[in-house]
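Hi,

Here is the structure I promised to send over. Have a look at it first, and then read on for what turned up.

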Amino acid sequence: MTKTLRLRGGRIVDPTNGVDGETRDLFVRDGRIVALAPGEVATEEIDVSGCIVMAGGIDMHTHIGGGKVNLARMLLPEFQRAGPNPIALPDNPLELASCGGCAPGTLATGYRYVEMGYTAAFEPAMMACNARHTHMEMGDTPILDHGAYVMLGNDELFLEMLSRGADFERIRDYAGWTLNATKAMGIKVVNPGGISAFKFNQRKLNVDEDHVHWRVTPRQVVHTLAKALRELGVPHPLHIHGSNLGVAGNIESTLETIAALEGLPAHLTHIQFHAYGTEGPKKFSSAAIQLAEAVNAHPNVSIDVGQIMFGQTVTASGDTMRQHAQSNLANPRKWIGADIECEAGCGVVPFRYRDQNFVNALQWVIGLEIFLLVNDPWRVVLTTDHPNGGPFTSYPHLIRLLMDRSFRAEQLAKLHPEVAANAALKSITRELSLYEIAIMTRAAPARLLGLTDRGHLGAGAAADIAVYREDADREAMFATPAYVFKDGALVAQAGRITAVPVGGTHFVAPEYDRSIETLLRKHLATHGGVNFDQIAIGHDELCSCCNGGRLLPAACFEVSP
């Protein structure tokens with residue numbers, strides 16, 4: 001007999017379906033949310049009255065798989081048994097030993113996310129040559145659905161084709177082949193052209209500056225890739241880590257990047273690190289107002305924030321140009337820089353954010369200002385760029401900062417005195433609602449990624465559900481949900497893991513002209529370190545729970561005039 005579960009009496013917050021706190025029952029059968037037929041009754045029931053019921057959380061930008069994450073773990077063995085929830089010998093027989101604070105192991109990553117009510121997390125920087133390992137690592141992360149964006153825009157073949165004026169259609173087909181071969185959800189560009197330029201001893205690359213060797217600009221890279229994804233029909237637009245990350249005055253690069261899109265859809269990631277001005281005696285200031293005005297004026301653009309959180313973390317990025325520049329700030333004093341098959345790079349730099357450091361305090365302020373100044377929550381996603389801005393385990397604290405103005409003011413007053421006295425943040429009165437938090441952590445990332453059956457609680461949706469006890473202290477509320485369901489299975493209760501199913505792999509498979517494979521085979525035979533025939537990942541190599549992954553539908557983009 002098929003069982004039907006009734007979650008009775010909860011307050012539903014489901015922005016995708018326009019439900020804002022309505023008290024109603026939710027029914028689950030065969031891993032899906034269902035509407036009962038007349039006269040039909042549930043076979044099981046859980047009383048969730050007094051609780052807020054949301055879809056499972058979705059983190060669309062979190063570094064949880066791939067080579068750089070393992071490098072971070074190996075670089076910092078002293079922190080692997082440290083952190084807010086260290087696990088060495090767990091008392092729960094369902095949890096295998098795993099540990100780590102700022103760069104937790106795969107198992108701890110899954111456990112900690114699920115304990116907060118998250119049911120999906122996506123790796124934003126997968127190397128094509130390292131894709132198989134990245135998928136294996138994400139597959140080792142329990143419970144969570146997962147997927148990754150493959151990196152293009154710094155690989156030698158792309159830059160060579162762009163430099164010699166190859167037909168756009170050939171570049172588009174190369175992007176299509178890469179997405180198919182690596183089983184990716186989308187394309188990520190990191191410091192467009194800049195990682196490659198660094199290898200030619202170039203130490204900066206502005207949006208309209210020529211790559212010293214290939215004589216192409218970041219503007220060309222961004223526009224070409226954004227157009228390719230639109231024509232391929234990939235749901236998630238180009239995921240952009242812009243030029244000049246962390247550099248004072250980089251708001252100009254960010255605004256130029258938006259202009260380079262010419263109305264094409266794009267997602268600007270960890271935007272806090274790209275919203276800096278040069279005002280004031282220290283020549284470092286918040287440009288959050290300028291950034292928010294630009295986002296508000298460009299409906300083709302979405303963002304995630306990359307909020308920094310005070311304390312120890314480790315920065316892990318493909319942006320070797322900027323990681324090299326910041327390596328002298330490493331804490332502890334050690335770092336890693338690496339080239340990867342001439343496709344991109346990797347830099348791992350440990351870092352401790354301090355509330356009495358002027359720059360760190362201002363970064364904290366800038367992130368919050370962006371959250372509160374962008375009008376449309378459907379185009380803002382809550383992230384810390386884990387682990388770069390701080391561990392994902394700090395999300396409940398971040399949510400309280402956004403929802404509670406008085407708490408935010410208390411924390412602001414503790415910062416470096418110059419920042420606390422002059423920040424525009426102190427005059428911002430907006431407090432985000434539960435509805436807006438549900439958008440930023442559930443509905444918006446699902447929509448931006450094309451996850452049509454995730455991030456909401458409508459009939460037919462996957463039964464990924466988080467049930468939170470109502471609490472005026474939003475940090476406590478979001479830290480430990482009463483119940484978490486993944487595809488209808490109860491996976492956590494009151495902060496304790498109760499089941500460890502395997503999450504699904506999400507990916508796209510756009511159509512492309514397969515004649516491009518002749519060029520790719522020749523290029524890799526001459527210049528590559530990986531055999532062409534060994535690159536493509538088969539469905540049988542992905543998760544077994546959903547017959548080789550969840551294929552996302554193609555999208556039709558509307559381009560702003």
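Predicted model: local features only at pLDDT ≥ 70, side-chain atom pairs only at ≥ 80, totals over all residues.

How do α4 and α7 lie relative to each other, parallel or perpendicular? Helix α4 covers residues 156–163 and helix α7 covers residues 218–232; their axes come within 11 Å and cross at roughly 100 degrees. Angles of 65 to 115 degrees count as roughly perpendicular, so that is the label for α4 and α7. From α4, the residues in contact are Phe-158, Leu-159 and Leu-162, while α7 brings Gln-220, Val-221, Thr-224 and Leu-225. By class this contact has five nonpolar and two polar residues, with no charged ones.

Next, the aromatics. There are nine aromatic pairs in the model. One of them joins Tyr-113 and Tyr-118: the ring centres are 5.6 Å apart and the planes sit at 55 degrees, so the pair is tilted. Stacked would need planes under 30 degrees apart and edge-to-face over 60, so 55 degrees falls in the remaining class. Are these two tyrosines buried or exposed? Tyr-113 has a relative accessible area of 0%, so it is buried, and Tyr-118 is buried too, at 3%.

A second case is Arg-447, which lies over the face of Trp-378 at 3.9 Å from the ring centre.

Thr-62 is buried, at 0% relative accessibility. Setting aside neighbours within four places in sequence, Thr-62 is in contact with Tyr-113, Ala-121, Phe-122, Glu-123, Pro-124 and His-386.

As background, most residues other than glycine have a negative phi, and most peptide bonds are trans. The bond from His-386 to Pro-387 is cis, with omega near -5 degrees. Pro-387 is in the loop between β18 (380–381) and α12 (395–403). Asp-385 is found in the loop between β18 and α12 as well, and this residue has a positive phi of about 55 degrees although it is not a glycine. Asp-385 is buried, with a relative accessible area of 4%.

Where else is there a cis peptide bond? Asn-331 and Pro-332 are joined by one, with omega about 0 degrees. Pro-332 sits in the loop between α10 (320–326) and β16 (336–340).

Asp-30 is another non-glycine residue with a positive phi, of about 50 degrees. Its place is the loop between β2 (19–29) and β3 (32–34). Asp-30 is exposed, with a relative accessible area of 65%.

One more loop residue to look at is Leu-94, between α1 (67–75) and α2 (106–115). At 35% relative accessibility, Leu-94 counts as partly exposed. Which residues does Leu-94 touch, not counting those up to four places away in sequence? They are Tyr-111, Ile-497, Thr-498, Ala-499 and Val-500. For a sense of distance, Leu-94 and Thr-254 are 160 residues apart in sequence, and their C-alpha atoms are 45 Å apart in space.

Cheers

Note on methods. Residues numbered from 1 in each chain as written. Heavy atoms only, no water. Phe/Tyr/Trp six-rings, centres within 6.5 Å; stacked < 30°, edge-to-face > 60°. Buried < 20%, exposed > 50% of the residue type's maximum accessible area, 1.4 Å probe, protein only. Lys NZ or Arg CZ within 6 Å of the ring centre and 35° of its normal. Axes fitted to C-alpha atoms, helices over the stretch in contact; angles between N-to-C directions. Helix = DSSP H or I, 4+ residues; strand = E, 2+ residues; numbered from the N terminus. Parallel < 35°, antiparallel > 145°, perpendicular 65-115°, else oblique. Contact = heavy atoms within 4.5 Å. Nonpolar A, V, L, I, M, F, W, Y, C, P; charged D, E, K, R; others polar.
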